[in-house]
Amino acid sequence: MRRWKKVGSAIALSSSLVVSGCAEPTTNKKKKEETEAAIQVPVTDYKFRTAGNMFAYSEFELSGEPFAEELGLDLNLLDVRKINEPTEFDYIAGVESYEYSEEAMYEVTEKSGFGLHLIHGPVVKKLAEQNGKESYEVLADRFYFLADQVGYPREEIFRNMFPTLIEYESGDPHYIQQVDTDVYAENDDGTYVPVYQVDFQTLRWDREKMNKMLVPAAYGATFLKQALWAGDFLGAFHTVDQDEEIEGKTSNDDQDPNIALGVSSADGMQGMILTEQIWNKLLFIRDHLFYDAKRNKLTALHSGDYEPTKGFVYLPHRIEVVEDGNEQAPDAQKLILKDKRSILRDQWLMLWPAAEFFGMTDQRNANKHQNPAFLAVFDGKPYPKAPNENIDENDHNDIRSDDPYSVNRDVLLTIFKNVDAMHFNDEWGVFVEEHSGTEQGKYMNTFDAGYMMEALRMFQRAIDGLPVGYANGEEAEGLHTEEGKRALELIRKQADFIVEKLIRTDGLVANGFTIGEGVDKSEPTLLSQLGAVRGLTAAFLATKEEKYREAARNIYVSMDQHFWNQSLHVYKTAKDEMKYDPFVAGALSSVFRLAVSHLNNTDQDQQQPKELDRETIISRYVDFYNLIIDGPTIKEGMQASEFWDTGDVYRKDDQSGNTDGDNVPQIQAGDGPYGIAPILVNVEVKEK
């Protein structure tokens, strides 16, 4: 559901959300109660790790409302306050999975202070210098300007925001002061809007407990969240008088005084803020965070014609930030290289979002599948248009430019070239985990190799002008670029290696492979199976070769048979172990989605394993959210707290901190003296 509604008109929570027409899960109420009575899911670690959280919430987003829509479901029947109606699956997919995802993003990028402040963004600094103003004045003016483009009232922009330029590696998600839950506005139904909902001042995290490292997997996973939501929010126009979404016909539709950018006024505003953050972040990455291996120093990426054969210039694993001491709006006083290695997870968690954003900003003349609404956003107002040299069909006349399309293109193509040159072993057809800057490593990790295949699928779609974002499954005629062809070749080779070399006699996939030594003999993990299914499904979707779908189906069945704990209704994560972190949770959410959409039994499948019956998969999905994410009691489960979007409304006569009666507390009632942000924490499942 699209949020960030206008205060006053939209705080009433009776608005409907999403419904699914799928069958009721196989777990009935009595069996659910028996399971909850037999299981414990205590939190083992409250530390917030950005990469895992933002990755998981990206998968939760895709497994939420878009998933429900894909199944042809009516999106107007759910009420956030009617938990598990009309079915558990409907509520979990349409409300919890989707809204947990959205709110966690805002927590990190607008409320917590978890990183450097956007006031110091390259665009903001440049405008301040050009206009002789202070940066804070320029940023305020910029937000007002963006609000005007989407018809959003300037006076309704949230107060005391902390829009981030770039996010840190990890931190403590507990609040450091009492959350302001006083009444801001009252609703007719007895609920009220708490102050913190419109004023973020009391939602900051402890800066002393932040690990102030810039890690591509962390700021990249946040970039992924931002790009997916920005694409959703800005993918259409809306009428000014009725605030109703309308599909774009031309990129000039917004010249009509009754048509504005964004799918609605409120969502358009959020889309603009996300895009502003992405643009500044990309410029900061391009100009400060690349490492020149030949010269052994941090450097700027100078052009889009980068060739790895002339010396590697890539995103290193870890850079420390020394802040300038400004507690309210910190800037980087100094950047110190701490780990120069290129890590595969860093690269795919930057390649994927850059591909998503490329799909938004793409203005190439050859691309005939451009969304008119996106073109209108990047036509010079509010965001600069790409120079003609960068969007014509001549790759040799490109120029350096700071517009969103050009800077993202340069970063995207550089990462792609480095993935190929530094991480892909062409002889073996595998992606290795790391590169020292001078030497390629030898170990292939199945999970990361699988997700690199998905990132490459999105890259191929974006570079060939095919729809990405929520529409990444749509068919269209692509541009057949050389980069797209190479991406498909890389996907095929890695997929073939998994199918031919890594599948064991028990049907499970090995955790990895070491060049020169052979297949990893360690006990297979759930995470490896999920990565393999994700990657092989990506290979099937990218190439349409049925053998990859069949392999993914077989691994899924073996995974379910081997890891499923029938008595507790959860998956083991390893032999005799049930330890869940956000990477496991996110990958599991995605594989359930893929299994329902692409791997489930059809009339064409000769084998009809019960594990791939749609009802069985949906049952697993429901159990996962009920027992692992929400938890069996209010002090258990991965979701640390929840916002009002999932029905936990505020009432003067209810101080329980859990007005909807589920197993997730309101933010001020969660762990710690002042509560905890609505993010994911680590848990371990135990039998009572």
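Aspartate 292 makes contact, meaning heavy atoms within 4.5 Å, with Lys297, Thr299, Phe312 and Val313 when residues up to four places away in sequence are not counted. The structure is a predicted model, in which local features need pLDDT of at least 70 and side-chain atom pairs count only at pLDDT 80 or more, while totals for chains, interfaces and linings use all residues. Residues are numbered from 1 along each chain as its sequence is written, and side-chain values use heavy atoms, with hydrogens and water left out.

Aspartate 292 belongs to strand β13 (residues 290–292), where helices (H or I, at least four residues) and strands (E, at least two) are DSSP runs numbered from the N terminus. Its relative accessible area of 8% makes aspartate 292 buried, since buried means under 20% relative accessible area, exposed over 50%, and partly exposed in between, with a 1.4 Å probe and protein chains only. The side chain of aspartate 292 also reaches the backbone nitrogen of lysine 294 at 3.0 Å; a polar contact is a pair of N or O atoms within 3.5 Å, and within protein one must be able to donate a hydrogen and the other to accept it, with residues adjacent in sequence counting only if both atoms are side-chain atoms.

Strand β13 takes part in an open sheet of 3 strands with the order β14-β13-β15 and antiparallel pairing. Because β14 (297–299) and β15 (313–314) stand at the edges with a single partner strand each, one side of each is left without a neighbour in the sheet. Two strands pair if DSSP finds at least two bridges between them, and β13 and β14 are joined over 3 bridges, with tyrosine 291 opposite leucine 298 in β14.

A second open sheet places 3 strands in the order β2-β29-β27, again with antiparallel pairing. Here β2 (43–45) and β27 (579–580) are the edge strands, each with a single partner strand, so one side of each has no neighbour in the sheet.

Strand β8 (residues 191–194) pairs with strand β7 (residues 183–186) and with strand β28 (residues 650–651). The hairpin of β7 and β8 has 4 residues between the strands, and in it glycine 190 takes a positive phi near 95 degrees. The table collects bridge counts and residue pairs for several antiparallel pairings.

| Strand pair | Bridges | Residues opposite each other |
|---|---|---|
| β7 and β8 | 3 bridges | alanine 185 and valine 193; valine 183 and proline 194 |
| β8 and β28 | 2 bridges | threonine 191 and arginine 651 |

Tyrosine 556 touches Val533, Tyr571, Val591, Phe592, Ala595, Glu611, Leu612 and Ile617, leaving aside residues up to four places away in sequence.

Among the helices, α6 (residues 135–150) has 16 residues and reaches 23 Å from its first C-alpha to its last, close to the 22 Å expected at 1.5 Å a residue; the expected span is 1.5 Å times one less than the number of residues. Its buried residues are Ser135, Val138, Leu139, Arg142, Phe143, Leu146, Ala147, Gln149 and Val150, and they pack against β4 (115–117), α5 (122–131), β10 (237–239), β12 (259–261) and α8 (265–288). Just after α6, glycine 151 takes a positive phi of about 70 degrees.

Serine 101 lies in helix α4 (residues 88–111) and counts as buried at 0% relative accessibility. Not counting residues up to four places away in sequence, serine 101 touches Tyr57, Phe60, Glu61, Lys225 and Trp229. Serine 101 and histidine 302 are 201 residues apart in sequence and 35 Å apart in space, C-alpha to C-alpha.

For the protein as a whole, there are 18 helices and 30 strands, and 63% of the 688 residues count as buried. The C-alpha trace spans about 70 × 65 × 50 Å along its principal axes. Residues 24 or more positions apart account for 73% of the contacts with a separation of 6 or more.
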